[in-house]
Amino acid sequence: MQNQKQLFDLSDDVTYLNGAYMSPQLRSITEIGLQSVAKKARPDEILPKDFFIQKEILKQRFASLIEASDYKNIAIIPSVSYGIANAANNIPIKKGDEIILADEQFPSNVYIWQEIAKKNEAILKIIKSPTEFENRGKKWNKNIIEAINHKTAVIAMPHVHWADGTLFDLKAIREKTKTVQAMLIIDGTQSVGAFPFSIKEIEPDALICGGYKWLLGPYSIGMAYYSDAFNDGTPIEHNWMNRYNSEDFASLTQYENRYQEKAARYSVGESSNFVLTPMMIKAIEQLIEWQPKNIQNYCEQISKEMINKLRDLGYFIEDSQYRAHHLFGIYLPKHINSEKLKTSLKEAKIIVSFRGNAVRISCNVYNSKDDFMRLLNCFK
Ligand SMILES: Cc1ncc(COP(=O)(O)O)c(C=O)c1O
């Protein structure tokens with residue numbers, strides 16, 4: 001895979017290593033967005049069938065990206081909190097059941113579980129990250145697996161941790177959940193698109209992804225997969241379009257108790273969004289063409305020299321087996337002054353994030369080895 005910066009609208013004097021905050025936009029997607037906005041000026045050209053065609057295509061593309069065998073298990077969501085809430089509200093949880101969360105997740109995969117635990121008198125079990133660096137990722141994974149027991153109703157976690165890129169072995173975690181019939185709900189926002197994810201292989205109960213980071217889409221649209229376990233659930237809102245026969249606009253007041261098939265009931269109202277949907281389709285088509293595994297390889301190639309040099313200088317970066325290549329944390333040795341580092345990054349116009357105790361670096365196909373050499377100079 002080659003550098004693809006020319007396809008993005010990124011300023012040349014900025015070194016953008018912050019895709020985990022928000023991806024830059026492909027020029028082709030900006031173009032589609034502008035054309036789509038203009039279409040509303042001619043409502044006579046927007047036909048009833050247009051409310052349905054594009055969103056079905058979007059679901060098909062996302063199903064293909066994540067290797068889901070049936071696109072009807074996909075829903076279109078406005079945010080991760082929305083997608084997780086649809087799953088959480090449909091999981092049977094009894095008094096005394098345990099809900100396991102990986103520590104320090106993004107709040108959209110935390111607040112809803114606090115609420116569900118309170119409502120059902122269930123117990124939230126947070127699996128902390130190990131305090132020592134040695135084998136940190138390995139131990140964290142082990143602690144999560146060991147925490148799953150016959151009281152576990154659900155485990156809600158990411159594939160790649162948003163703050164420092166720790167990689168969780170979802171296959172092993174899924175195996176353990178199966179032995180106790182616990183559900184597995186994944187926030188894939190910081191991985192899907194840049195890191196391979198296969199529904200066929202991992203078999204989660206739900207996978208929820210925001211669209212504006214590694215899916216390269218616009219803000220306010222995301223994608224969700226709900227397994228067949230959710231086929232009879234109750235959505236958090238009751239949009240007309242998700243009901244059976246909604247394509248027949250003349251009969252909408254013949255109110256329907258039945259929903260469209262499978263996960264369609266969980267799509268947000270107005271999911272035919274005429275601006276965001278075509279943009280998201282184009283973004284996912286580009287990712288399917290590139291392939292997440294190639295994006296990982298590319299990110300590994302451009303970052304590895306800097307990572308080796310930083311380790312020699314005393315910085316901690318997780319073993320590559322337990323972290324992603326598109327998103328990773330750099331932990332500073334004690335003698336490094338983080339304020340000074342921030343100033344030096346700012347002067348060099350290098351954009352990264354500070355999350356928890358780590359400097360979060362997140363790269364993609366618009367970055368280059370030169371970007372990492374510039375970053376290395378600041379850390380030096
Ligand atoms: C892991 C993760 N999940 C979700 C989100 C966004 O959540 P929402 O779409 O609910 O705003 C972010 C944003 O940074 C994130 O890092």
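This is a predicted model: local features need pLDDT of at least 70, side-chain atom pairs count only at pLDDT 80 or more; totals for chains, interfaces and linings use all residues.

Trainee: Where is S191 found?

Mentor: In the loop between strand 6 (183-187) and helix 7 (199-202).

Trainee: Buried or exposed, that S191?

Mentor: S191 counts as buried, because 30 C-beta neighbours lie inside 10 Å, and 20 or more is what a residue needs for that label.

Trainee: And how far apart are S191 and H161?

Mentor: In sequence they are 30 residues apart, and in space 8.6 Å, C-alpha to C-alpha.

Trainee: Let's zoom out. How many helices and strands are there in the protein?

Mentor: Eleven helices and twelve strands. The radius of gyration is 22 Å, close to the 21 Å that the globule rule gives for 380 residues, so the protein is as compact as a globular protein of that length.

Trainee: What box do the C-alpha atoms fill?

Mentor: Roughly 70 × 55 × 30 Å, taken along the principal axes.

Trainee: What share of the 380 residues is buried?

Mentor: Buried residues make up 44% of them.

Trainee: And the contacts, what share join residues at least 24 apart?

Mentor: That's 74%, counted among contacts between residues at least 6 apart in sequence.

Trainee: Which domains does the assignment give?

Mentor: Domain 1 (5-27 + 291-379) and domain 2 (43-289). Their centres are separated by 27 Å, taken over C-alpha atoms. The contact takes 25 residues from domain 1 and 25 residues from domain 2.

Trainee: On the domain 1 side, which elements each supply at least two residues?

Mentor: Helix 9 (292-312), strand 9 (327-331) and strand 12 (358-362) do, on the side of domain 1 that touches domain 2. By class, the residues of that side come to twelve nonpolar, seven polar and six charged.

Trainee: Great, that gives me a picture to work from.

Methods: Residues are numbered from 1 along each chain as its sequence is written. Helices (H or I, at least four residues) and strands (E, at least two) are DSSP runs, numbered from the N terminus. A residue is buried if 20 or more other C-beta atoms lie within 10 Å of its own, exposed if 12 or fewer, and partly exposed in between; C-beta atoms are placed from the backbone. The radius of gyration is taken over C-alpha atoms; the globule rule is 2.2 Å times the number of residues to the power 0.38. Two residues are in contact if their C-beta atoms, placed from the backbone, lie within 7 Å. Domain bounds come from an automatic or database domain assignment. Ala, Val, Leu, Ile, Met, Phe, Trp, Tyr, Cys and Pro count as nonpolar, Asp, Glu, Lys and Arg as charged, and the others, Gly among them, as polar.
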